[in-house]
Amino acid sequence: MRRRWEVLVKDRILDLVFLVGVLFKGIDGVGELLGGAILLFIGPAQLKGMANAVTAHELSQDPDDTIANFIRHEAAHLDSNSVVFLAIYLLLHGIVKLAIVIALLVGSKRVYPWAIAALIAFVLFQLYELITAPSIGFVLLTVFDLVIIWLTWREWRRDRELRDTWRGTVDWVFRRRVAS
């Protein structure tokens, strides 16, 4: 009986991680859409000015601040083509993420393979970026995407819709709270 309870708890925790991951993917998608749209209207000179303004206070206190110097360095190397590429990349990335999240919320189990395929495509691009320009951010994003791919595959294999996972997890969380 105890083993069955442990499996149930593990399953519910994985369900909760999946739901939080989908939520973060949706928030990230909205952020990428907004960032991409803003980049379409801002030129490299304005971006450099914004980077300088955002980092000025930090660099006045610590001229060796790694993150602030990185932001300034990256902004200094932007040109019109790279800004347009970044804007289009963010817009496409955001649209795909939001489409996946919305399809999952609507309840279509058919979206799981498409979500997995899209995330694998993102991971492949991220791996390319890691090879050409390694960064901690891309490592973390890639690991997060791999976890979400595995959890999405798990949901698809279990033949459940997101709303079923949501209901079961919410019931489990609140039932545990009431019992405590």
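1. Basis of the note. The model is predicted, so that local features are given only where pLDDT is at least 70 and side-chain atom pairs only at pLDDT 80 or more, whereas totals for chains, interfaces and linings use all residues. Residues are numbered from 1 along each chain as its sequence is written, and side-chain values use heavy atoms, with hydrogens and water left out.

2. Helix α4. Helices here are DSSP runs of H or I with at least four residues, strands are runs of E with at least two, and both are numbered from the N terminus. Helix α4 covers residues 80-106, and its 27 residues should span 39 Å at 1.5 Å a residue, which agrees with the 39 Å between its end C-alpha atoms; the expected span is 1.5 Å times one less than the number of residues.

3. Just after the helix, G107 has a positive phi of about 110°.

4. The buried residues of α4. Buried means under 20% relative accessible area, exposed means over 50%, and partly exposed is in between, with a 1.4 Å probe and protein chains only. The buried residues of α4 are V83, A87, L90, L91, H93, G94, K97, L98, I100, V101 and L104. An α-helix has 3.6 residues a turn, so residues three or four places apart point the same way.

5. H93 lies in helix α4 and is buried, with a relative accessible area of 2%. Contact means heavy atoms within 4.5 Å, and, leaving aside neighbours within four places in sequence, H93 is in contact with E32, F122 and Q126. The C-alpha atoms of H93 and D28 are 9.4 Å apart, although 65 residues separate them along the chain. E32, a residue of helix α1, is also buried, at a relative accessible area of 10%, and its contacts beyond four places in sequence are L90, L91, H93, G94 and K97.

6. L91 and I42. L91, in helix α4, touches E32, L33, G36, A37 and L40, not counting residues up to four places away in sequence. I42 sits in the loop between α1 (2-41) and α2 (44-61), where the residue is buried with a relative accessible area of 16%. Leaving aside neighbours within four places in sequence, I42 is in contact with L47, M50 and V83; its C-alpha atom is 9.9 Å from that of A87, which is 45 residues away in sequence.

7. The nonpolar core. A nonpolar core is a set of buried Ala, Val, Leu, Ile, Met, Phe, Trp, Tyr and Cys residues joined through side-chain atoms within 4.5 Å. The largest one has 13 residues, and those with the most contacts inside it are F18, V22, I100, L104, Y112, L151 and L162. Helices α1, α4 and α5 (111-132) each supply at least two residues of this core. L162 touches F18, L19, V22, L104, L105 and Y112, not counting residues up to four places away in sequence.

8. The largest pocket. On a 1 Å grid over the protein atoms alone, a cavity is a set of points where a 1.4 Å probe fits but cannot get out, a pocket is an open set with protein on both sides within 12 Å along at least five of seven lines, and lining residues have an atom within 4 Å of a point. Grid points are joined across faces, edges and corners, and a volume is the space filled by probe spheres set on the points. The largest pocket holds about 660 Å³ of space and is lined by 19 residues, of which L86, Y89, L90, E129 and F138 lie nearest its centre. Two or more lining residues come from each of α1, α3 (66-76), α4, α5 and α6 (136-157), and the largest share, six residues, is that of α4.

9. The cavity. The structure holds one cavity of 30 Å³ or more, and the largest cavity has about 80 Å³ of space. Its lining consists of V22, K25, K97, I100, V101, L104, A115, L119, I148 and T152, of which the largest share, four residues, comes from α4.
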